[in-house]
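Me: I am new to this structure and would like to learn how to read it. Please take me through it one feature at a time.

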Amino acid sequence: MIEKEHLDYLTSIVGEENVKADKAHLIAYCYDATRERFEPDAVIFPRDEQDISKILRFCNENKIVIVPRGAGSGFTGGALPSNGGIILSLERHMNKLLEIDMENMVGVVQPGLINMDFQKAVEEVGLFYPPDPASENYSTLGGNVSENAGGMRAAKYGITKDYVVALRAVLPNGEIIKAGKKTIKDVAGYNTAGILIASEGTLAIITEITLKLIPKPKFKQTYMGVFPDVNKAMNAVFKSLAAGANPVAMEFLDALVIKALKEKFPQVELPENAGGILVGDVDGSSQAEVDSQIQTLKEAFAKFGSVGFIEAKDEAHGNSLWFARRNASPATMIYGTKKLNEDISVPRSKLPEALDAIYAIGEKYGFNVPCFGHAGDGNIHVNVMVKDKTNPKEMEDGHKAIEDIFQMVCDMGGTLSGEHGIGLSKAPFMNIAFNEAEIELFRSIKKAFDPNNILNPFKMGL
């Protein structure tokens, strides 16, 4: 429990304007995209790394829980103060682009900088930061690192962890550490940065991030492959990549999503014979490279069962092809009043088998389960649609279906989450994905960093 003298001391560190304990702030910082609600005892806006060091040192000595928060856009409750304590919000002051190093092709940022603001800044000087989570317009880079965020461009360019060169962070006892350097190679010591990535704010507070940049591709084209069913589309994914295709993105829509889009958005032009769709972009340093990639995809798709292939004529046409994918999630609400959505991931070769199993689980419990997602990297957005969310039996069956899907995915070598993380909502399923020895190792790492368990405790089931 936080006492008045605790808040008084913390106020002496950051100033009265950066400590909030009024009801309005406690409500504003009590939820994220899960819509679960846990009110903190206070919200603090640190101004810099030294503030964070002093705050953590004091809170560690007094066993006060700290929960770091960026934009609060997460889908699994990773930034929720489920055990009370202090929300440490990095959005207000620690949101600066510190450097674009053209010679070493890296950017140095504070954790509260918005992903899209960083993308725009580096593109102005001809560079490119590929990770593009769906929340790119409002999620912070610190949050992206803490959750190891992905995005549609992951098929070609990878995810956040592939671009983190170095970090600065504050340990729960207030000590400041550096993990990694600007060098391309660094094999001295443990990969501490790798441990902090995807740690969901449970090990340290990240205060500075150095991110790899690459040259911005000069040419891009959108494509759409049309298949009679989603199984053929899924087979075409890994087989076309093995044939030499290297698309920026390869997104998929199944038959239930296509049907929902036609009903919800009658203005969208989708082929009548589409039972499965693959849509994405290719890019390159020359038009010839792009043309070659498009031809490779077209030939591979035809070989593996496509009934149509559309090439965007221009940017506007490309945006119209992308409309269906970008509106897939809201369209699925025609199937129910409550969506239980998860972001499981499987090896790409297992995509056809995984989707067959997902539909079978839906049929077992009586649910439509429309699926879409990032086929190019094996990441499926599963949506168990509960018709009546006020019916306790339906909700119970919906959660049973999700648990069956998690078990099936892990049995075939997949994972509980490809993008959203574990947080609170997936913590009960960690024993499906990991054995006791693995979970005990996670607990040991947590204890080594945070022996008093003050930093975002009990997330990921730890």
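Reply: Start with exposure: buried means under 20% relative accessible area, exposed over 50%, and partly exposed in between, with a 1.4 Å probe and protein chains only. Lysine 63 is exposed because its relative accessible area is 53%. The model is predicted, so local features need pLDDT of at least 70 and side-chain atom pairs count only at pLDDT 80 or more, while totals for chains, interfaces and linings use all residues. Residues are numbered from 1 along each chain as its sequence is written, and side-chain values use heavy atoms, with hydrogens and water left out.

Me: Where does lysine 63 lie, and what is its phi?

Reply: Most residues other than glycine have a negative phi, and most peptide bonds are trans. Lysine 63 is not a glycine, yet its phi is positive, about 55°. Lysine 63 sits in the loop between helix H3 (49-61) and strand E3 (66-69). Helices (H or I, at least four residues) and strands (E, at least two) are DSSP runs, numbered from the N terminus. Methionine 105 also has a positive phi of about 55° although it is not a glycine. Methionine 105 is in the loop between strand E5 (97-101) and strand E6 (106-109), and its relative accessibility of 27% makes it partly exposed.

Me: How is the chain divided into domains?

Reply: Domain bounds come from an automatic or database domain assignment. For this chain the assignment gives domain 1 (4-92), domain 2 (99-215), domain 3 (219-329) and domain 4 (336-433). The C-alpha centres of domain 2 and domain 3 are 30 Å apart. Contact means heavy atoms within 4.5 Å. Six residues of domain 2 are in contact with nine residues of domain 3.

Me: How many residues are in the largest nonpolar core, and which have the most contacts inside it?

Reply: A nonpolar core is a set of buried Ala, Val, Leu, Ile, Met, Phe, Trp, Tyr and Cys residues joined through side-chain atoms within 4.5 Å. The largest one here has 53 residues, and Met234, Leu278, Ile358 and Ile380 have the most contacts inside it. Among the elements that each supply at least two residues of this core are strand E12 (219-227), helix H8 (230-242), strand E14 (276-284), helix H10 (287-303), helix H13 (351-365) and helix H14 (392-411). H14 gives the largest share, eight residues. Domain 3 (219-329) and domain 4 (336-433) both give residues to this core, so it lies between them. A second, separate core has 28 residues, including Phe118, Leu171, Ala193 and Val248.

Me: Which residues does isoleucine 358 touch?

Reply: Leaving out residues up to four places away in sequence, isoleucine 358 touches Ile344, Val369, Cys371, Ile380, Val382, Ile405 and Met408.

Me: How do H8 and H13 pack?

Reply: Two packed helices are described by the angle between their axes and the distance between the axes. Axes are lines fitted to C-alpha atoms, for helices over the stretch in contact, and angles run from 0 to 180 degrees between N-to-C directions. H8 and H13 pack at about 150°, with axes 8 Å apart. That makes H8 roughly antiparallel to H13; angles under 35 degrees count as roughly parallel, over 145 as roughly antiparallel, 65 to 115 as roughly perpendicular and the rest as oblique. Val230, Asn231, Met234, Asn235, Val237 and Phe238 in H8 meet Leu351, Pro352, Leu355, Asp356 and Tyr359 in H13.

Me: Is serine 345 buried or exposed?

Reply: Serine 345 is buried, because its relative accessible area is 13%. Serine 345 lies in the loop between strand E16 (338-342) and H13. A polar atom of its side chain is 3.4 Å from the backbone oxygen of glycine 378. Not counting residues up to four places away in sequence, serine 345 touches residues including Asp377, Asn379 and Gly414.

Me: Where is glycine 414, and what does it touch?

Reply: Glycine 414 is in the loop between H14 and H15. Not counting residues up to four places away in sequence, glycine 414 touches Ser345, Val346, Pro347 and Val409. Glycine 414 and valine 346 are 68 residues apart along the chain, and their C-alpha atoms are separated by 4.1 Å.

Notes:
A polar contact is a pair of N or O atoms within 3.5 Å; within protein, one must be able to donate a hydrogen and the other to accept it, and residues adjacent in sequence count only if both atoms are side-chain atoms.
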